[in-house]
Amino acid sequence: MTQPAATSPVVRLAHVSRTYQSGALEVRALDDLSLEIPPDRFSVVIGASGSGKTTLLNLIGCIDAPSKGVVEVCRQNIAELDDDAVADFRARNIGFIFQTFSLIPVLSAYENVEYPLLLVGMPAAERRRRTTAMLEAVGLAAQAQRQPNELSGGQKQRVAIARALVKQPQLVLADEPTANLDSATGAAIIALMRRVQADSHTTFIFATHDPQLMSHADEIFAIRDGALLEHRRSGA
Amino acid sequence: MIGVLVKIAWRNIVRNRRRSLMTASAVAAGALAMLLFLGYTTYIFLGMETGNVQHLGHLRVFRAGYFLYGAGNPTAYGIDGYREVMREIGDDPVLKPMIRVLTPAQSLMGIAANYRSDNAASRTFFGEGIIPSDRARMLGWDQYHTGIFHPLDPGMSDADESSGLVGTGLARILNLCAPLKLPDCPPAPAAAPAEEHRGPVNADIAELAGRDAPQAEQAPEGAQIDLLAATVGGAPNVVSLHVASTQPQGAKELDDAYVLMHLGLAQQLVYGREEHKVTAIVLQLRDSRYMSAARARLNALFRERQLGLEVRDFGELVPFYGQVIRLFSSIFLFIALVMGMIVLFAVVNTMTMNVMERINEIGTSRAMGVRRSRIRAQFLIEGTFIGLIGTVVGAALAIGIATLVNRSGITWIPPGNAIPIPLHLDVLGRPLRAASICVGLVLVATAAALLPANRAARLSVVDALRHI
């Protein structure tokens, strides 16, 4: 979990296209898109439904591969890695926060947060220390042993945030993280993520429609029809 | 890492407890059926082996050629100097510790007749001459603790050469129902007058037997029959046999012709005043596992001494034994195949449902960095757990049911037997087989999970995350 040089982008996409085959029809989700995302920023990808936001996040998250172009994450060309190496790369460097929380239902809040540390083979004592600290950071120390179905939506998303951050990744990707939350809870979650980002210097990249979330962004990437429409910096 | 996979697998089984229980029940039913049948076949196999070893011994030494050709004329295949051969076998340092009983036996055929009855009757017989005390020891062999003890031959003793026993059928045929007080012996239909019925053979036997009259008069009270056979020299010979008791035989053909007598009497009938020989030297071993080693040693010994003898085991002497084993083994294989298929389909079905319900969870795990192989392992572990639970429950039920049956005192008459014996399900009698069944079922359950597990491992992360 080495930190990249402050100036080098944590994500670099060069002439990336992604096409899907839908029956006889070829759908172009991303079209010759190039962008760079600087580290230690709260970046937001915005765009209408079907604009290619989620596809872009999938490529950055290394869970999808481009049809054309180069995707570099944390200065690693993802095309150079085989399937297991990509999985290991994700386990070390990328945290995910999903719209539907996606906690493992048979694991407690504590075990869900601990899971990514098991994937990177962290020793038990360190695992325990980090998991407990992370649950305290998201305000769920008291609910650590609860199962996901015993938690509210907001609590589940806090667990998901803790799970994404516990391994101290270079990059956290969140696809509509507040979409399934009421506005008050959504605001609390955004504040939490902002605080955690400031503390950990992790790069956050969101795909969202949420204006509340956009207002917190350091960088905004507007996508339309699979192409980068606009890149704005906060205060620019 | 394997710990968390096991934890997730186990908790998913508990979470879907009804489905898991149904699937484990199918595995348990398979284990129960196979283990009980194994227990039954084990009992049959060991019971048959015990019965055969008690009566025939493990190995029999014959003069070369007897096994293939001797049945037509057993006396022509007598073993010369059998006492010397027995001494060599008994003193052999390799064989000595293996042998439990070493005894001679004489097979013979002839005509049995009861001319003393008003309804004189005769019938060809198949007989064996044995040493009663040796036979009594042989009947006590029970290596597998089957509890099968054939009754000793009542009324026979080493000291009394004139007494023997006959098959119940032969006793009935020879009109010995009344003197022997045989049960289940309805009066025969009215026969032709005695004078007309007595044929020349009966007359001859009566005449020949008359020469033994003093001996017959000394015989104890009971039934007396005469046995006619040709001696080795071709001359007719006759002896009187005091029928001390009857013994039912499993097959009617044998029951209607069987005579068991003292070796001395058999030799007197067959060899007369010539050198007394025997048709077989019987070896009953302490343990059936010694059989091939003992056989090899005997063959080596006979080759070395150029004795012209051959060795046959009880399986060769009683082909029915091998046929029963093959029959039950094929039935067992069939049951195992059916049960295996049921388990296979039940586990495939359950694991496919488990994968379908957890596609999003699989996508999440993969996105977090779980390798495909670990996703596969997780579902394989689930299949293994279901197999283990089912097998343990099935095995416990099988042992419980077998214990109940074994304690219930149920008896039955197995094929080829005439006397009821206790039914015993020996589930753990062949522990390696029982373990193979259990391990096999767990492997089938694991293998059945492989297909859905592979499907789960091959899922595209993006498609899995999109799945609701």
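The buried residues of α12(B) pack against β2 (99–114), β3 (121–130), β4 (163–167), β5 (223–230), β6 (236–247) and β7 (258–262) of chain B. The model is a predicted one.

Q: What makes helix α12 (residues 263–271) of chain B mostly covered?
A: Seven of its nine residues are buried. They are B:L263, B:L265, B:A266, B:Q267, B:L269, B:V270 and B:Y271. Just after α12(B), B:G272 takes a positive phi of about 55 degrees.

Q: Why does A:I63 count as buried?
A: The cut-off is 20 or more other C-beta atoms within 10 Å. A:I63 has 22 C-beta neighbours inside 10 Å, so A:I63 counts as buried. This residue lies in the loop between α1 and β4 (68–73) of chain A.

Q: Which residues is A:I63 in contact with, leaving aside its neighbours within four places in sequence?
A: They are A:N58, B:A367, B:V461 and B:V462. The C-alpha atoms of A:I63 and A:V86 are separated by 8.3 Å, and these two residues are 23 apart along the chain.

Q: How many residues of chain B are in contact with chain A?
A: 17 residues of chain B are in contact with 20 residues of chain A. On the chain B side, α1 (2–15), α16 (359–368) and α19 (461–466) each supply at least two residues. That side divides into eight nonpolar, four polar and five charged residues.

Q: Which residues make the contact of α15(B) with α17(B)?
A: From α15(B) come B:V347, B:T350, B:M351, B:N354 and B:V355. From α17(B) come B:F379, B:E382, B:G383 and B:I386. By class, the contact has five nonpolar, three polar and one charged residues.

Q: In what sense do β9(A) and β10(A) pair?
A: They pair in the antiparallel sense over six bridges. A:I220 stands opposite A:R232 in β10(A). The two strands form a hairpin with two residues between them. In the turn, A:D225 has a positive phi of about 50 degrees.

Q: How do you know that β4(A) and β5(A) pair?
A: The criterion is at least two bridges. β4(A) and β5(A) have two, in the antiparallel sense. A:V73 stands opposite A:Q76 in β5(A). Both strands belong to an open sheet of four strands, in the order β2-β1-β4-β5 (chain A). Its edge strands are β2 (25–37) and β5 (76–77) of chain A.

Q: Which strands does α1(A) lie across, and at what angle to β1(A)?
A: α1(A) lies across β1 (11–22), β2 and β4 of chain A. The helix runs at about 120 degrees to β1(A).

Q: What makes strand β1 (residues 59–63) of chain B mostly covered?
A: Five of its five residues are buried. B:L59, B:V61 and B:R63 point one way, and B:R60 and B:F62 the other way. In a regular strand the side chains alternate between the two faces of the sheet.

Q: Which strands pair with β1(B)?
A: Strand β9 (residues 309–313) of chain B pairs with β1(B) in the antiparallel sense over five bridges. Strand β8 (residues 280–285) of chain B pairs with β1(B) in the antiparallel sense over three bridges. B:L59 has B:D313 as its bridge partner in β9(B) and stands opposite B:L283 in β8(B).

Methods. Residues numbered from 1 in each chain as written. Chains lettered and ligands numbered in written order. Predicted model: local features only at pLDDT ≥ 70, side-chain atom pairs only at ≥ 80, totals over all residues. Buried ≥ 20, exposed ≤ 12 C-beta atoms within 10 Å, placed from the backbone. Contact = placed C-beta atoms within 7 Å. Nonpolar A, V, L, I, M, F, W, Y, C, P; charged D, E, K, R; others polar. Axes fitted to C-alpha atoms, helices over the stretch in contact; angles between N-to-C directions.
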